[in-house]
Amino acid sequence: MPIILENVSFSYSRKTPLETSALRDVNLRIEKGEFVGILGEKGAGKSTLTKLFNGVLKPETGTVRVDGLDPSLREAKRRIGMVFQQAADQLFCKTVYEEIAFGLLNFGHSKKETEERVYEAIEAVSLDQTELSRDPFSLSGGEMQRVALASALALRPDYLVLDEPITGLDPSGKKEILETLKRIKEKGTAVVTVTHNLKGFFPLLERIVLIREGRIAFQGSRESYLEKGCEPLPPIASMMKELRARGMPVNLAVFTVEDALEEILRLKSILGKENSEN
Amino acid sequence: MIRLEKVSYSYPDGTPALEDLNLVIKKGEFIGVIGKNGSGKSTLALQLSGLLKPQTGRVMIREMDTRDPSKLSGIRKLVGIVFQNPETQFVGRTVEEDLAFGPENLCLPPVEIRKCVDLALAETGLEKYRHRSPKALSGGQGQCVALAGVLAMRPECLIFDEVTSMLDPKSGIAVLETIKKLHRKGKTIVYITHNLEELHDADRILIMEKGKMRLEGDPESVFSDVSLQTLGLSLPSLIELAENLKMHGIVIPWEKTSTPQSFAEEICRLFLKT
Amino acid sequence: MQEPVFSYVPGASLLHKLDPRTKIAAVMLLGVLTFRIDNFAGIVALFVFFFALALLSGLPMKVFFRAVRPMMLFIFFIFLTQLFFTDGRALASYWVLKPSLEGLEKGFKLAARFILLLLFAALLTASTDPSAITCGIERMLRPLPLRWLGVSSFELATMMNISIAFLPLLFERVERTKAAQAARGIDFVKNPFHSVPALAIPLLRGVIRDAEELALAMESRGYQGSRRTSIHELSMQKSDWKALFILALFIILVLVL
Ligand SMILES: Nc1ncnc2c1ncn2[C@@H]1O[C@H](COP(=O)(O)OP(=O)(O)OP(=O)(O)O)[C@@H](O)[C@H]1O
Ligand SMILES: Nc1ncnc2c1ncn2[C@@H]1O[C@H](COP(=O)(O)OP(=O)(O)OP(=O)(O)O)[C@@H](O)[C@H]1O
Ligand SMILES: [Mg+2]
Ligand SMILES: [Mg+2]
């Protein structure tokens with residue numbers, strides 16, 4: 001069973017003069033085992049959307065169901081692992097170990113199981129074991145981000161909802177997290193991620209949801225996203241778009257360096273032929 | 001403008017963050033700082049702005065020692081910093097109050113303060129949010145408020161700690177453009193980032209590792225340094241593509257690798273010429 | 001999500017444009033007045049005055065009523081104590097409780113006074129930028145010889161600012177920590193005995209951290225606790241003097257009534 005949002009709207013500071021409408025008439029389904037990317041400019045409503053998934057915010061109108069359950073139920077929360085946009089806001093324990101173990105103990109896992117999973121989780125985000133006894137508040141920005149990710153990964157949820165999970169990570173950290181996400185996705189976990197990092201995430205995304213001013217402006221496959229000319233694009237894809245705009249017969253569905261290399265070489269040979277024919 | 005002499009710093013809990021760091025930042029330079037998580041970039045930023053004091057060595061900001069309490073107010077006027085986490089930077093209940101806080105401390109007259117605030121709001125496109133609480137904004141909008149808070153103070157030297165991390169590509173480019181404009185006006189810029197693409201036009205790039213300076217040079221030489229990969233850093237896609245194309249005899253000059261537009265233009269020029 | 005009570009609502013009305021000092025002084029005077037007058041006519045006059053000002057502010061009435069609502073229970077309680085514990089002609093008699101006519105009158109008056117006080121305060125906060133209020137207070141305090149007490153009016157103003165800002169900060173911490181804990185399986189409704197202590201300690205640590213961060217943030221923007229200026233240019237305009245004059249007339253009118 002999926003996560004289903006039907007006709008969901010949400011406003012902040014409701015019924016006050018500062019009322020801000022953040023989402024309007026959102027209809028969305030997240031199937032088990034999917035990899036979905038939520039894109040959009042700043043203030044579009046992406047974080048608001050993710051907070052509706054796990055019941056931190058309640059929709060003003062419409063319904064949200066997680067496997068048929070109300071998202072504020074504990075049983076629904078067990079199925080959803082969440083990393084908020086500001087990793088620093090989500091940490092509250094005295095040590096990194098307690099932080100990662102918190103959810104596990106709460107959901108009734110044994111001490112031994114918890115310990116195993118904590119070690120597995122810090123491995124997945126490449127944190128050093130010596131960090132386990134440190135105060136999460138005294139970590140650097142990127143280290144906090146890793147702890148926040150580890151605490152969600154350790155729960156092995158059915159749906160992993162991430163709000164910009166790789167911001168603040170160094171490039172090798174980004175690569176490792178992307179590998180990890182790919183791996184757990186293959187094991188059947190649905191990954192829903194808000195991201196601005198298209199270079200890293202684009203190759204992984206199966207479906208894209210583009211939000212503009214609180215409404216879903218596009219949702220569909222990566223290929224149709226490219227065909228429709230949606231923005232933003234990863235640097236390589238936007239270069240391909242520029243080439244096409246200049247009349248070059250290139251394929252738009254290219255977003256890795258390797259494919260781009262091939263495509264440009266192909267372009268060169270086509271143009272070379274035309275030139276020699278003329 | 002700023003000089004670090006053998007600076008070492010450990011946090012109160014004993015975590016070493018900087019070790020024997022030497023660095024000279026010249027007036028009007030645009031310096032990019034990169035490095036792994038926990039390599040000491042943010043700590044360096046706090047040292048450069050005089051908010052943390054070195055345990056050994058010294059930090060001189062225009063010949064003012066940051067450890068000298070009598071120099072602090074002078075230093076504050078000279079150096080502004082935007083923190084890594086914007087939420088930790090808000091001091092006002094409304095965006096306007098937050099932006100006015102710095103200029104108020106500089107004892108500018110009200111008319112002047114209003115001008116600074118309005119300009120900073122315009123530069124970051126935040127006019128609409130003037131009366132909102134800075135904490136009731138989205139992540140990216142908050143980041144823009146943090147930036148505006150320092151822009152409003154118009155310091156000589158500005159330190160930016162991952163200020164585009166929560167921004168979509170379009171807003172990120174706009175913010176970087178604003179910063180480059182300040183640089184062109186002669187301000188000294190220290191720009192910390194994990195996104196190497198943003199440092200294409202920097203005057204100098206520093207790579208930090210475990211509290212030390214590991215590598216230093218202009219962008220072109222740093223990006224082509226073989227040790228980049230071993231430092232856990234990866235090249236911007238377009239530069240990587242250019243390197244790969246070079247092996248097939250297609251040479252894209254360095255300046256053309258900065259944006260997709262210039263890159264595509266160059267390819268068209270090369271291919272249509274023959 | 002907590003509803004913002006006593007929050008500022010930007011606008012361009014005459015009331016918004018008055019100098020904060022005029023408004024602060026007016027609210028203080030009206031506050032004293034509400035507790036000085038003892039006849040219903042005066043109270044009615046004050047309500048009428050409030051509605052006139054509220055109309056002038058151009059703000060929706062619910063902005064002001066929102067300020068009263070959370071206190072309603074308290075006000076009702078005061079009303080009841082007055083009703084039952086004032087000696088006088090008994091209205092009726094239930095068991096040991098004897099509501100009296102005098103009590104009814106006193107209860108109504110006292111409740112009305114509290115409501116008026118809240119309404120006028122809401123009028124001030126809704127029509128004045130919060131930083132302008134503190135700036136106004138700072139300027140009103142400046143002539144006082146505070147230096148003898150070892151503080152400057154600037155420090156006092158900042159302290160006031162921060163303590164006003166602190167409550168929302170605390171609320172926010174609570175919201176965030178709750179959200180973070182709920183996401184990882186704490187059930188606040190079903191299991192308060194476990195969840196409340198689990199919230200308290202992180203909250204304390206969080207608030208300490210927030211305070212440290214706030215101090216660093218203020219320092220980074222040059223705050224030194226000494227003289228500072230303000231974005232709000234305070235100058236008493238003609239309209240301010242007019243407003244104070246009208247206020248004086250009104251006060252005299254009410255006292256004569
Ligand atoms: N706590 C809040 N109170 C009032 N308005 C809010 C609050 N949080 C967000 N908003 C507003 O709601 C809208 C959507 O915000 P949201 O945080 O969902 O954006 P976002 O897409 O996550 O943006 P970003 O990429 O910058 O994080 C924005 O206009 C924002 O100003
Ligand atoms: N408040 C603190 N207390 C104790 N240790 C700290 C504190 N802040 C940072 N550290 C430690 O100091 C070292 C350097 O941290 P710093 O924040 O400077 O790293 P950084 O390069 O900015 O990393 P990132 O890219 O993750 O932001 C790290 O090992 C970190 O864990
Ligand atoms: Mg967001
Ligand atoms: Mg940092």
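Mentor: Chain A and chain B bury about 4000 Å² between them. Carbon and sulfur atoms give 61% of that area. Buried area here is the accessible area (1.4 Å probe) that two parts lose on being put together, summed over both. The size of an interface is often given in this way, as accessible area lost when the parts come together.

Keep in mind that this is a predicted model: local features need pLDDT of at least 70, side-chain atom pairs count only at pLDDT 80 or more, and totals for chains, interfaces and linings use all residues. Residues are numbered from 1 along each chain as its sequence is written, chains are lettered from A and ligands numbered from 1 in the order in which they are written, and side-chain values use heavy atoms, with hydrogens and water left out.

Now the residues. Chain A brings 46 residues into contact with 50 residues of chain B. Contact means heavy atoms within 4.5 Å.

Next, the charged pairs. The rule finds two salt bridges across the interface of chain A and chain B. A salt bridge needs a side-chain nitrogen of Lys or Arg within 4 Å of a carboxyl oxygen of Asp or Glu. Lys170(B) and Glu41(A) form a salt bridge through their side chains, at 2.8 Å from N to O.

Polar contacts come next. Chain A and chain B have 11 residue pairs in polar contact, with both residues at pLDDT 80 or more. A polar contact is a pair of N or O atoms within 3.5 Å; within protein, one must be able to donate a hydrogen and the other to accept it, and residues adjacent in sequence count only if both atoms are side-chain atoms.

Which elements of chain A supply at least two residues each to the side that touches chain B? They are α3 (87-90), α6 (141-153), α7 (171-186), α10 (235-245) and α11 (257-277). The largest share, nine residues, comes from α11(A). Helices (H or I, at least four residues) and strands (E, at least two) are DSSP runs, numbered from the N terminus. By class, this side of chain A has 17 nonpolar, 15 polar and 14 charged residues. Ala, Val, Leu, Ile, Met, Phe, Trp, Tyr, Cys and Pro count as nonpolar; Asp, Glu, Lys and Arg count as charged; the others, Gly among them, count as polar.

Two ligands belong in this picture. Start with ligand 2. Residues from chains A and B surround ligand 2, so the site is shared between chains. There are 21 residues around ligand 2. A residue counts as near when one of its heavy atoms lies within 4 Å of the molecule or strand. Ser140(A), Gly142(A), Lys41(B), Ser42(B) and Thr43(B) come nearest to ligand 2.

Both chains also reach oxygen atoms of ligand 2. From chain A, an N or O atom in the side chain of Arg134(A) is 2.8 Å from an oxygen atom of ligand 2. A polar side-chain atom of Glu143(A) lies 2.7 Å from an oxygen atom of this ligand. From chain B, a side-chain N or O atom of Ser42(B) is 2.7 Å from an oxygen atom of ligand 2. Taken alone, ligand 2 exposes 640 Å², and the protein buries 90% of that. Such accessible areas come from the Shrake-Rupley method with a 1.4 Å probe; for residues, only the protein chains shown count as cover.

Which elements build the shell around ligand 2 with at least two residues each? They are α6 of chain A and α1 (41-48) of chain B. By class, the shell has two nonpolar, 13 polar and six charged residues.

Now ligand 1. Ligand 1 also lies between chains A and B. Of the 21 residues around ligand 1, Ser47(A), Thr48(A), Arg132(B), Ser138(B) and Gly140(B) come nearest. A polar backbone atom of Gly45(A) is 2.8 Å from an oxygen atom of ligand 1. Ser47(A) places a polar side-chain atom 2.6 Å from an oxygen atom of ligand 1. From chain B, an N or O atom in the side chain of Arg132(B) is 2.6 Å from an oxygen atom of the ligand. On its own, ligand 1 has 640 Å² of accessible area, and the protein covers 91% of it.

The shell around ligand 1 takes two or more residues from each of β2 (20-30) and α1 (46-53) of chain A and α5 (139-151) of chain B. This shell divides into five nonpolar, 11 polar and five charged residues.
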